[in-house]
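This briefing sets out selected features of the fold, grouped by topic. Please read it alongside the sequence and coordinates.

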Amino acid sequence: MTNKLTSGEIADRIELWRECGYSSQEASKQAGIGRRAFDRFLERYVDKDAPISKGVFDQTKIKKIAKPRKGQIKRYILTCAQNNTNIHHQFFNNLEAYAVHIKADIKISRFTYNKNAFQKNRKQGDTDTTEETYYDPNIAAYISDDIERLAPSLIWCGNLQLSPTAVDPTSGLHDYTGPDSSIMPHTRVSMNPVPTPRRFRTKHIYTTGCCTLKNYIMAKAGQKAEFHHTFGALIVEVLADGSWFVRQLVGDNEGTFHDLDVEVKEGAVCESDCVEAIQWGDIHLEHIDKDIQSMFWQSGDSVIDLLKPKVQLFHDLIDGHSHNPHEAKNPLRQYQNHIAGKNCVRTEFEDAQWFLDKYAYRASCKSYVIWSNHDEFMRRWLHDSNYKTDHVNSKFILKNELLAREQADRGESVSYFRNALDSQKATVLTSDEGNLNIKGVLADFHGHNGSGGSRGSVKGFSKSGHKTMTGHSHSAWWVAGATSAGTCSSLYLGYNNGLSSWSHTFTVLYKSGKRCQVTANAETKKWRA
Ligand SMILES: [Fe+2]
Ligand SMILES: [Fe+2]
């Protein structure tokens, strides 16, 4: 009889038993059930030795890990593992090899995914009837199901049990660790920015990826989770001053992964020129953060010289402060530009050309300027400008209008922005059609356009089925196959008032087609430990 009870009916009977002072005689009478049948029910569903109820006042305690001593670095490799599922041996061996190489602690959070609970939905042929929960013994030395403070503002939430079928695994958990960034165990790799007051460092929520194989119920939720299951981990570097860096280690099917200029393959760690492309955060040259600029491109030990990408991608190269159409009817801003000598459009484009063709240029690296919304300022400004009254820009206006007409006469496509920039080194794109495919990732979308003329969003791009890397949001995202870099500009540009999620994050695309997000710290002038 009890086999047919629903979970609600079971709960109701137990509650009735409690209300009857734990008397099965009285409860069975009230329920209209025979005493012996009620006793059998209790035997089956109630652990009489267990406490009847419990509760605590305090939130689960966060274990605090001491900061490294001065001059030292603590490193962690974080991932998760599913019950009753084998590890991806090659990937796991590579994680162990890398951990030994960089002296990192591996931490693996366990999660359960109960196939038996969904037996009705099994696909024909799925005969796995495993009931006992166990974990691959290879992970035993690394199990970490605790919540731990790895750095003053970074928390490892190994205690969380997030269903692998959750489409947005961190939804509802944005404030779970208060103002501190968090790393949560989940089979997907994701990164979400959390808007915070500007005087604080932007909070990010990361998920890890997984070190066990794919093992899902072949029903819709499981099939979607299987598609997004990523053999991945996060590397965390904590410095003595409490600052930290997090990067994604995403494995391919053979378990090979990359971390910046390192390849980990078949248990061996080798330095490698494995970076195919870097997408910088939006440039906004007039307002670029000078520390970020030096870190990324200044000759010597800059990011571009250490990682040696074959391609670099520039979004919102020009801020457009000299000809921003949104400021055209702001007389105070026009006056300020005039006094500061910042109303010369030609000068802004010459500065950008110098940056592109001299400062950031590397002979071994192809540069692309991605068609962006700030580039469009130029076309809009020219349509509304008047050479008769704008004496600072009159010759520039006439020159560019003449050039456009000559191109039109020859039947050539016209781009005012490309003409004005006149780069001798970079390829300047004038549309976003998905033509720039780098290792399987579409790289020519700035991100301002969504579908059918609507505003773009990373979540929107993630639904396209294509892998994309975009900018425009100035915030670092990773949603399924879509990533967004942050910005190279100052983290406040006068219009991102209130809370902000901007960060100095750039996207690295490896030769394997896998990616990682690198968030630089302008305060410490570091981008990795
Ligand atoms: Fe933009
Ligand atoms: Fe931008």
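Which residue just after H8 takes a positive phi? Gly341 does, with a phi of about 70 degrees. This is a predicted model, in which local features need pLDDT of at least 70 and side-chain atom pairs count only at pLDDT 80 or more, while totals for chains, interfaces and linings use all residues. Residues are numbered from 1 along each chain as its sequence is written, and chains are lettered from A and ligands numbered from 1 in the order in which they are written.

**Overall architecture**

- The protein contains 13 helices and 24 strands, taken as DSSP runs numbered from the N terminus (H or I of at least four residues for helices, E of at least two for strands).
- Along the principal axes, the C-alpha atoms occupy a box of roughly 100 × 50 × 50 Å.
- Of the 529 residues, 40% count as buried; a residue is buried if 20 or more other C-beta atoms, placed from the backbone, lie within 10 Å of its own, exposed if 12 or fewer, and partly exposed in between.
- Among contacts between residues at least 6 apart in sequence, 66% join residues at least 24 apart, a contact being two C-beta atoms, placed from the backbone, within 7 Å.

- The axes of H1 (residues 7-19) and H2 come within 8 Å and cross at roughly 130 degrees, which makes H1 oblique to H2.
- Axes are lines fitted to C-alpha atoms, for helices over the stretch in contact, and angles run from 0 to 180 degrees between N-to-C directions; under 35 degrees counts as roughly parallel, over 145 as roughly antiparallel, 65 to 115 as roughly perpendicular and the rest as oblique.
- H1 passes H2 in a right-handed crossing, a term for the near helix being turned clockwise from the far one by less than a right angle.
- Arg13, Leu16 and Trp17 of H1 make this contact with Ser24, Ala27, Gln30 and Ala31 of H2.
- The residues of the contact of H1 with H2 comprise four nonpolar, two polar and one charged; Ala, Val, Leu, Ile, Met, Phe, Trp, Tyr, Cys and Pro count as nonpolar, Asp, Glu, Lys and Arg as charged, and the others, Gly among them, as polar.
- H2 (residues 24-31) packs on H3 (residues 35-45) at about 110 degrees with the axes 9 Å apart, an arrangement that makes H2 roughly perpendicular to H3.
- The crossing of H2 with H3 is right-handed.
- From H2, Ser24, Gln25, Ala27, Ser28 and Ala31 meet Arg35, Phe38, Asp39 and Leu42 of H3, a set of four nonpolar, three polar and two charged residues.

- In H10 (residues 376-384), Phe377, Met378, Trp381 and Leu382 are buried.
- These four lie on the same side of H10 because they cover an arc of only 125 degrees around the axis, the arc being that of the directions from the helix axis to the C-beta atoms.
- Exposed residues His383 and Asp384 are carried on the face of H10 turned away from its buried side.
- The cover over the buried residues of H10 includes H11 (394-409) and H12 (416-421).

**Surroundings of Val428**

- Val428 belongs to strand S17 (residues 427-428) and is buried, with 21 other C-beta atoms within 10 Å.
- Not counting residues up to four places away in sequence, Val428 touches Val369, Arg418, Leu421 and Ser423.
- The C-alpha atoms of Val428 and Cys274 are separated by 25 Å, the two residues being 154 apart along the chain.
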